[in-house]
Amino acid sequence: MLIPHVPLQLVIISVQVFAGLILPSAIIFLQLLLNDRELLGDRWVNRPWNNYINWTIIVVLFALSLLLAAQVILPNFFSRGESWQL
């Protein structure tokens, strides 16, 4: 509330969308680190089944992040005619 007349709900939702869009890139970086044999050695590097599960989670997370962003940008597209007020 340091800036007068700025809608707080819009700021909160915008920060959540931004964090949701940045999160997949951080997880992809972590996934790449987990596959680096030179860094982790053979004992701690990801197994193939770990990679399959991790990439599935990353794809789902990225899709949900895009859906959240689209819902914030186009709120009327996702509503059923009711007007929701927070």
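Modeller: Here is a quick tour, beginning with the ground rules.
Modeller: This is a predicted model, so local features need pLDDT of at least 70, side-chain atom pairs count only at pLDDT 80 or more, and totals for chains, interfaces and linings use all residues. Residues are numbered from 1 along each chain as its sequence is written, and side-chain values use heavy atoms, with hydrogens and water left out.

Biologist: How do the axes of α1 and α3 cross?
Modeller: The axes of α1 and α3 (residues 48-73) come within 9 Å and cross at roughly 160°. That makes α1 roughly antiparallel to α3. Angles under 35 degrees count as roughly parallel, over 145 as roughly antiparallel, 65 to 115 as roughly perpendicular and the rest as oblique. Axes are lines fitted to C-alpha atoms, for helices over the stretch in contact, and angles run from 0 to 180 degrees between N-to-C directions. Helices are DSSP runs (H or I, at least four residues), numbered from the N terminus.

Biologist: Is that crossing of α1 and α3 left-handed or right-handed?
Modeller: The crossing of α1 and α3 is left-handed. That term means the near helix is turned anticlockwise from the far one by less than a right angle; clockwise would be right-handed.

Biologist: Val17 next. Buried or exposed?
Modeller: Val17 is buried, because its relative accessible area is 11%. The cut-offs are under 20% for buried, over 50% for exposed, and partly exposed in between (1.4 Å probe, protein chains only). Val17 lies in helix α1. The C-alpha atoms of Val17 and Val72 are separated by 7.9 Å, though the two are 55 residues apart along the chain.

Biologist: And Leu33, where is that found?
Modeller: Leu33 is also in helix α1. Leu33 is partly exposed, at 32% relative accessible area.

Biologist: Switching to the surface. Which residues make the nonpolar patch?
Modeller: Leu2, Ile3, Val6, Leu8, Val11, Ile12 and Val15 make a nonpolar surface patch of about 670 Å². Patch residues have over 30% relative accessible area and no salt bridge; like charges are joined within 9 Å, nonpolar side chains (Val, Leu, Ile, Met, Phe, Trp, Tyr) within 5 Å. Val15 sits in helix α1 (residues 8-34). Val15 is exposed, because its relative accessible area is 52%.

Biologist: How many salt bridges does the count come to?
Modeller: The count is 1 salt bridge. The rule wants a side-chain nitrogen of Lys or Arg within 4 Å of a carboxyl oxygen of Asp or Glu. Here the side chains of Asp42 and Arg37 meet at 3.1 Å, N to O. Asp42 counts as exposed because its relative accessibility is 55%. Arg37 is partly exposed, at 48%.

Biologist: What is phi of His5 near?
Modeller: Phi of His5 is near 65°, a positive value in a residue other than glycine. Most residues other than glycine have a negative phi. His5 lies in the segment before α1. His5 is exposed, with a relative accessible area of 81%.

Notes
Accessible areas come from the Shrake-Rupley method with a 1.4 Å probe; for residues, only the protein chains shown count as cover. Helices (H or I, at least four residues) and strands (E, at least two) are DSSP runs, numbered from the N terminus.
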